[in-house]
Amino acid sequence: MTRNLNKTYDPTGFEKRIYEEWETEGCFRAEIDEDRKPYTIVMPPPNITGQLHMGHALDQTLQDVLIRWRRLQGYCALWLPGTDHASIATEVRVADELLAREGKTKEEIGREAFLERVRAWKELYGGRITEQQRRLGNSCDWERERFTMDEGCNKAVVEFFVRLYEKGLIYRGKRMINWCPVCGTSLSDAEVEHEDIAGNYWYIHYPSADGGKGIVVATSRPETMFGDVAVAVRSDDERYKDLIGKDVILPIAGRKIPVIADPYPDPKKGTGAVKITPAHDPNDYEVGRRHGLPEIVCMNFDARMTDEAGQYSGMDRFECRDAWVKALDEGGYLVKTERVSIPVGRCYRCDATVEPMLSNQWFVRMETLAQPAIAVAKDGRLSHVPERFEKIYLHWLEDIRDWCISRQLWWGHRIPAYYCETCGEITVAREKPHTCSACGGGAFRQDEDVLDTWFSSALWPFSTLGWPEKTPDLSYFYPTSVLVTAYEIIFFWVVRMVFSGLECMGECPFEHVFIHGLVRDSSGRKMSKSLDNGVDPIQVIDTYGADALRFMLVNGSSPDSDMRYSEDKMESSRNFANKLWNAARFVIMNSDDETGSEDDFAPDEAALRPEDRWILLKVNEAVAEITRNMEKFELSLALQKTCELIRDAYCDWYIEMVKERLYGEDEDLKRAARSVLVAVLSDLLRLLHPYMPFITEEIWGCLGKDGRLIADRWPSYDEGMRERYAEDSAKIETAMGIIRAVRNIRAEAEAPPARKLTVTVVADDAAQADIIESTAGHIERLANVSSIVALVSGASETRTKIPEEAMTAVVSGAEIYVPLDDLLDFAAERERLAREKEKLEGEIKRLSAKLANEGFVSKAPQAVVAKEREKLAKAEDNFAKVAARAEAIRDK
């Protein structure tokens, strides 16, 4: 061995050093190698505004597990990192900072000056998260790191936009869009988070223009009444047949609006009559288009009322609501208010209530693009893990609307559309045009808006590899292998990457989508700033180490559910690392003369003992199982099996079994034990490395190995080993079963661990008895047994040799007897039972007196009295058992 491990496991002493060595030596670099199969993961790019949170830590640990595993398997493994420019989040952050520090708005300093501030902010803070990712142990190819607004990605975005426009799949039009009045931009449907809140239906009377009874309409947004242009009812609704075609009066405003027949209203909802406001509701907009109704805008993009609201002009929407409802009530138009659950859309960034607004925006026609994305899921070219998420993916695609891609922001990819200053003609081009094709003019202004962040993120799997150029990286590493992501951004990102990849590359961008849950706090709540329950992964790493955090995250993760973070789990994870450290240190200390290459550590087959063959077979079988689990993305299950193999089979059993050989005088036995210890530890480190890379690499470096563990090989499965080692392995399993049984008997009898026991084992047959005798040494040492007698069931002398008073246990192929005299210190037991009898007698006396008190029995609740009687019966039962036990051992 080259050196031993420090006495105490302290990850701060080696994690930073090891990562720097990996990076310096190019261990993460993926070089194109046509003789090897590529394995590619593109990291979901975290926002430059952020810092590493538990969601990132889980997501990236899972990716790193996969990439390290495939690297060990010999794949040319590329994990491509990068960050996202995050249009809305970054712009809001910098604008807030500008206002706080200088008292200026972005409009006051102008677009170019503001973008300079954003770029400076990005240079200052944008690299923070990548440094934190290094602390986590991410084995990314940092030389290929990308940014969604770097020159190459920008070129890809412009190219994609122009191609879609030229195919008629991008258009500019006035449509109903989702508008965030706080962020000041449009949002796609996927960027709106829907929830049901407690709200009101206000039932408002619209008088008839001809003096009739009028009509009552229920609405949850009375402030939009100023934009009403009609009231719609179903043509088959008997209540309103006579009103169809007539006019009603908009309350207080006095404007006439028609009653129209349309299939949209639900007769069972509210009154069955619906106010139609085409400029402020997507369903009303469709009704308005069907009937050729005008579009009256009563609310501005800052959520303040327009002049159409009369005296309420300039008021905030919710202030107007309160004042308007009060006026309607005072005017006698408010019929009633009903408390109901109201669906509300909120901005995914700032949580503000989103307003449906009419606006000129850029859209992607989705129907044509959606069909190939649906097909790849249905024909198996794209698989979701777990499979149930495919239904969500398909539901979103099959019910998709055109995608609004323009955003009223400054930070982002500016839309490559140019307006002729002379005639207004729109030219979409890769570069600014020189001459207008319509009028010959030469003055142009570029569209002020930027593209939705997800428009550039949709190209991430291939723009990062060089598209639209046909680069060697793109040819070799695309399509990628798997996308790892949380279920909450299937709509935002996964779907868009799939249809974009199919459109640009003709191939699905990845074969698998591996979906995981969220990390919640110990109470199951989502971590958030408002709840102040977030946990900083870097602080956790500082306390426990990156390996312990990674272990906890994967060990607790399941594709089907969220996981909970807790300090107890972190303590358990660190304890496992500490156990591995101590075991490895023991092996190294006892194998300091075992040096050389891997072949030098290979155990000599002829020198192997049964326990050696047992552990080798145990590891061999586990390699096959764990590899299958990894291939099915059952990463948590694979880790659990690896953990059990290390903690239980290797540390608790094998090391204890071979200690006698290591401390003995027989050099051949010692050498065989050392070689197996090192060989098995080597494979265990390989299995664990994807999950806990730092501790495994540090231990590996102390084993005298050639090269680094990160660049080594995944353990291989020996198909013939079971046939060769099964017999010896079964012997050890038999011994282990007996040891466990004796330990359980000792614990049940509360016999001290140091007390020596004698054990009689009655085997089912002579062959089993021989096995027990051959492993008696292990049983005696590990169960602390002074002697073990193996008998054969049915033999004439067997009954006479079985102790008369004994505790028993049954294991496979044998029955175990341990004499009571060995287990118990009868004098001490008699004293203990006497104390227990005295205690129970006092309890019985107290309860009996209480229940004999008529005042208590008559006045106390019956449930209380019944509880006391139950306590008395239990005490009397326990007293009888203790007394019987005391009598049984009185003369012992």
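Reply: In strand S12 (residues 274-276), Val 274 is the bridge partner of Ala 232. Strands here are DSSP runs of E with at least two residues, and helices are runs of H or I with at least four, both numbered from the N terminus. Two strands count as paired if DSSP finds at least two bridges between them. The model is a predicted one, in which local features need pLDDT of at least 70 and side-chain atom pairs count only at pLDDT 80 or more, whereas totals for chains, interfaces and linings use all residues. Residues are numbered from 1 along each chain as its sequence is written, and side-chain values use heavy atoms, with hydrogens and water left out.

In S11, Ala 261 stands opposite Val 233. Side chains in a regular strand alternate between the two faces of the sheet. In S9, Ala 230 and Ala 232 point one way, Val 231 and Val 233 point the other way, and all are buried. Buried means a relative accessible area under 20%, exposed means over 50%, and partly exposed lies in between (1.4 Å probe, protein chains only).

A parallel arrangement is also found in an open sheet of 3 strands, ordered S15-S23-S22. Its edge strands, each pairing on one side only, are S15 (383-385) and S22 (480-486). From one strand to the next the twist averages 20 degrees, with axes taken as lines fitted to C-alpha atoms, for helices over the stretch in contact, and angles running from 0 to 180 degrees between N-to-C directions. S15 pairs with S23 (residues 510-516) over 3 bridges, and His 384 stands opposite Val 513 there. Val 385 is joined to Pro 386 by a cis peptide bond with omega of about 0 degrees. Pro 386 lies in the loop between S15 and helix H11 (389-398).

A cis peptide bond also runs from Trp 467 to Pro 468, where omega is near 15 degrees. Pro 468 is placed in the loop between helix H13 (460-463) and helix H14 (472-477). Ala 86, in the loop between strand S3 (82-83) and helix H3 (87-102), has phi near 50 degrees and is buried at a relative accessible area of 1%. Ala 303 has phi of about 65 degrees and lies in the loop between helix H8 (282-291) and helix H9 (317-330); its relative accessible area is 3%, so Ala 303 is buried.

Two helices may be set side by side. The expected span of a helix is 1.5 Å times one less than its number of residues. Helix H29 (residues 826-852), with 27 residues, reaches 38 Å, close to the expected 39 Å. Its buried residues include Leu 833, Leu 840, Ile 844 and Leu 847. Among the elements covering the buried residues of H29 are helix H28 (820-823) and helix H31 (862-888).

The charged pairs complete the account. Side chains of opposite charge can pair when their charged atoms come close. With a salt bridge taken as a side-chain nitrogen of Lys or Arg within 4 Å of a carboxyl oxygen of Asp or Glu, the count comes to 70. Glu 21 and Arg 708 form one of them, with the closest N and O atoms 2.7 Å apart. This pair links distant parts of the chain, 687 residues apart: Glu 21 is in helix H1 (residues 15-24), and Arg 708 is in the loop between helix H23 (693-701) and helix H24 (721-748). Glu 21 is partly exposed at 24%, and Arg 708 is partly exposed at 21%. In the salt bridge of Lys 106 with Glu 91, the closest N and O atoms are 2.2 Å apart. Lys 106 lies in helix H4 (residues 106-109) and Glu 91 in H3, so the pair ties together parts 15 residues apart in sequence. Lys 106 and Glu 91 are buried. A network of salt bridges links Arg 29, Glu 31, Asp 141, Glu 143, Arg 144 and Asp 473.

Key. Contact = heavy atoms within 4.5 Å.
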